[in-house]
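Here is a brisk report on one protein model. Keep the sequence and the coordinates open while reading.

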Amino acid sequence: MVELWEPLVQSPKLPQYVAELNKLLAAEQAARERFRRELSPAEKAEFISGQVVMHSPTRFRHTQARELLGRLLSTYVDVHHLGWVGGEKVLVGLTRNDFEPDLVFYGTEKAAAFQPEQTVFPPPDLVVEVLSETTEARDRGVKMEDYAAHGVREYWLVDPDREVVELYDLEGERYTLRAKQADGTLRSRVVTGFTVPVRAVFDRALNLETLRQLTGPDRGPE
């Protein structure tokens, strides 16, 4: 960061650069406010780096992976009173960008502050993005960088084509890959006690069996 700013700080044109940046950011903020006003509940769209990004309908494989992981996560969190899990229409407002992740988890403290009419939400504790050809570059690029910058403690990338899940932990100001799994067990470090088979994210029969286990009387946060 120091290397980036040093030439600008030393330049006699610094006041002009600052004025131009402020003008740019003011126009971007006005566009962002308009985006929030006009966004329809039926649309999936995001505001990224000053641009409105519309999402096309997802393929069945993508939708199923999001659904299967979402119901495991939300059921477990609800049963054990760990907070709240939201789906793809939760608008996460960060400093510059507005994202609609596929899944988000908020712990009890953050979730307790939500209001019934709230439409824009703070950085989650866990974010899950399901990859597609049109979103993968952003999911691995600007989104990963922005989630890390805003303290999202855990970030999962689900690849429905290869049937692989990547788990990233926040260390300092960036994510470190903890696991990349096509089988075995997924373990969250943010959602206490949440452990599920990787295959349960892609296989409906195993998903149902896992769901029964998660809600059993002897299963709770570790």
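This is a predicted model: local features need pLDDT of at least 70, side-chain atom pairs count only at pLDDT 80 or more; totals for chains, interfaces and linings use all residues.

Start with Leu24, which is partly exposed at a relative accessible area of 47%. Leu24 sits in helix 2. It belongs to a nonpolar surface patch together with Trp5, Val9 and Leu21. The four residues share about 370 Å² of accessible area. Helix 1 (2–10) and helix 2 (14–38) are the elements that each give two or more residues to the patch.

## Overall build

The protein has seven helices and 13 strands. Its C-alpha trace spans about 65 × 35 × 35 Å along the principal axes. Of the 222 residues, 44% are buried. Take the contacts with a separation of 6 or more: 54% of them join residues 24 or more positions apart.

The accessible surface comes to about 12300 Å². Carbon and sulfur atoms hold 54% of that surface.

## Salt bridges across the chain

A search of the whole structure finds 22 salt bridges. One of them joins the side chains of Arg96 and Glu28, at 2.7 Å from N to O. Arg96 is in the loop between strand 4 (91–93) and strand 5 (98–99), and Glu28 is in helix 2, so the pair ties together parts 68 residues apart in sequence. Arg96 is partly exposed at 38% relative accessibility. Glu28 is buried, with a relative accessible area of 10%.

Glu46 and Lys143 also meet in a salt bridge, at 2.8 Å from N to O. Glu46 lies in strand 1 (residues 45–48) and Lys143 in helix 6, so this pair ties together parts 97 residues apart in sequence. Why do both partners count as buried? Buried means under 20% relative accessible area. Glu46 has 0%, and Lys143 has 2%, so each counts as buried.

## A salt-bridge network

Glu88 forms a salt bridge with Arg66, with the closest N and O atoms 3.3 Å apart. Glu88 is in the loop between strand 3 (83–86) and strand 4, while Arg66 is in helix 3 (residues 60–79), so the pair ties together parts 22 residues apart in sequence. Glu88 is partly exposed at 23% relative accessibility. Arg66 is buried at 12%. Both residues are part of a network of salt bridges that also links Lys44 and Asp102.

## Helix 6

Helix 6 covers residues 142–149. Its buried residues include Lys143, Met144, Asp146, Tyr147 and Ala148. Just after this helix, Gly151 takes a positive phi of about 80°.

## Two buried sites

Thr135 sits in the loop between strand 8 (126–130) and helix 5 (136–140). Is Thr135 buried or exposed? Thr135 counts as buried, at 9% relative accessibility. Neighbours within four places in sequence aside, Thr135 is in contact with His55 and Val130.

Gly107 lies in strand 6 (residues 103–107). Gly107 is buried too, with a relative accessible area of 15%. Leaving out residues up to four places away in sequence, Gly107 touches Leu82, Gly83 and Asp125. Gly107 and Arg189 are 82 residues apart in sequence, and their C-alpha atoms are 12 Å apart in space.

Technical notes. Residues are numbered from 1 along each chain as its sequence is written. Side-chain values use heavy atoms; hydrogens and water are left out. Patches are made of residues with over 30% relative accessible area and no salt bridge: like charges are joined within 9 Å, nonpolar side chains (Val, Leu, Ile, Met, Phe, Trp, Tyr) within 5 Å. Accessible areas come from the Shrake-Rupley method with a 1.4 Å probe; for residues, only the protein chains shown count as cover. Helices (H or I, at least four residues) and strands (E, at least two) are DSSP runs, numbered from the N terminus. Buried means under 20% relative accessible area, exposed over 50%, partly exposed in between (1.4 Å probe, protein chains only). Contact means heavy atoms within 4.5 Å.
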